Amino acid sequence: LFMKKLLGIVVLGLMLYNLSIFNNVSANEKKVFYAGFSFSGNYIDKSTGIKFTNHLTNEKNENGLDIISDSLLRSMKKIQPKNFNFDYNFADLEKGLEESVVMSVVLDHENYFSEYEPISKTYLNNIQMFFQVIFYNFKTRKLIASIPYDVSVPFFTKNEPTEKEIINYIRNFYTKGLKSIDLQQTINAFTQVEKILNNFELKEKYKLRIGVTSVNFEEKSFFAIPNDYKKNIKPLENIFAQLFSSRLALHNNIALVPYVEGMAIGAKMKQQFVNSDIIYDIELPKPDYNINITVRGFKKVLAKKSDINNIYFWASFLNLKIYQPDLNKIYMDDNLKNVIKKSIPSQIQDVNDWYKFYITTYELFDDFSINIINPKNEWLKKANDSEDFKTNIRKVNKLMEKVK
C-alpha cells in the first residue's frame, strides 16, 4: 500500500529569492535559458548515490544526445509557462551569458529498496528519486528558485533483480514511461516537470524564506541505520531533509530553501551537468525561519508471536524545532512519534527493518505536514498528545501563512 501511495507522488516546494534582474521587464518578455539535465548535492557520489542513472548518461540517441537529456527535452517542448519563455540556445555553459537566468532539472539522489514476500513469492522493489527544478542567475551563480519533487517507482519481480535489471527498469522510466497504478496513465521521470512549469510563476520579488537547516541522528537511531550510511551519515541527513521539505511544501504551498549542511549566509549547493566535468557552486540564501530535525531513535517490538505469523511494531521518534533565529522566537520544539504495524510470516528471518523505519519516518513527515492546517484529534493523540503541542501547531499554521 505504501508503494502504491507513493507512486507518482510529486513533492513540490518553492525556494524563493530576490529576482532583481527582472525589474522593469514586462511579464511576457522574461526569458529563461534551458540548460538541461544535471546532478546536484554536496555529498553526491555518482558511483553510489545515483549509480543507476549514472550508467544511463553514457547511452546516446541517434543525434548523440544522452537518452535522459533527450527525454527531458521532449517534456520541455510541451511546456507553456505562465510568465516567461524558454530559450533553447544556451549551448556554451562554460562561457555563460550576461545576467542570464537559466533553468535546469537536477537529480539529487536515488534510493533502491527490496523486500521478499514469501506468501506470493515476490520481491517488492521500490526506487525513490529526488529531483529539483532550479532557476538561477548564471553570472552570479545565485539561486532564484528551487522546486523539488520526488517520485517513488515500485515494481515487482519473482527473482531478486540484478543491477542490470534495475537499470533497465529505470531506463524505461526515463524514456518510455511506466503505467501509474493510482493515476491510470503513463508517467516518466519528467512528467512532473511539465506540471510544475506549466503552473509555476517566476516572480520578481520573494520575501520570507523557510528551510531545514540541520538534521541530527542521536545514538539510539544508529542501530537501525544501514552500514553504508553509518560510514558517511551526510547523504542520509540530506535525504531526510528532502523528505520533510517535500511533504511540508506539498501540503502547505510554502517557500522552502534547499538543505545543505551548515546552512548559513553564502551556503552553496553543487551542480554538475551531465555532459560536463565542471562542478558549479550555486549560492543559496539564508532562511528567515529554521527547521531542525533530530532523529531521536527507532524501535522495533514483537507484539505477538505464533507458529504462522509474528506481529511487529516499528516506530520512529523525532524532534522538530521551528524557530526564527534573528528574533530568537520559537514556534515549536516538540517530540513526535509514528508507529506502523505489520504481520510477518514466522518463517521469515531476514526482515528489512530499515525500510520499515524509513516508512514510519516518511509517514510522520507527511502526517505532520497535512495536520498543520486542520489537525485531527486522532493524529494528535498518536503523535504528541499534549496541550503544548496543540498550541504550537497552531503557531506553525500561522507561520505557514507568512511564508506563502
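Student: Is lysine 300 buried, partly exposed or exposed?

Tutor: Buried means under 20% relative accessible area, exposed over 50%, and partly exposed in between (1.4 Å probe, protein chains only). Lysine 300 has a relative accessible area of 32%, so it counts as partly exposed. This is a predicted model, in which local features need pLDDT of at least 70 and side-chain atom pairs count only at pLDDT 80 or more, while totals for chains, interfaces and linings use all residues. Residues are numbered from 1 along each chain as its sequence is written, and side-chain values use heavy atoms, with hydrogens and water left out.

Student: With which residue does lysine 300 form a salt bridge?

Tutor: A salt bridge is a side-chain nitrogen of Lys or Arg within 4 Å of a carboxyl oxygen of Asp or Glu. The partner of lysine 300 is aspartate 353, with the closest N and O atoms 3.1 Å apart. This pair links distant parts of the chain, lysine 300 in strand β12 (residues 289–305) and aspartate 353 in helix α8, 53 residues apart. Helices (H or I, at least four residues) and strands (E, at least two) are DSSP runs, numbered from the N terminus. Aspartate 353 is partly exposed, because its relative accessibility is 24%.

Student: How many salt bridges are found in the whole structure?

Tutor: The search finds twelve. One of them joins glutamate 115 and lysine 356, whose closest N and O atoms are 2.2 Å apart. Both glutamate 115 and lysine 356 are buried. A network of salt bridges links Glu115, Lys342 and Lys356.
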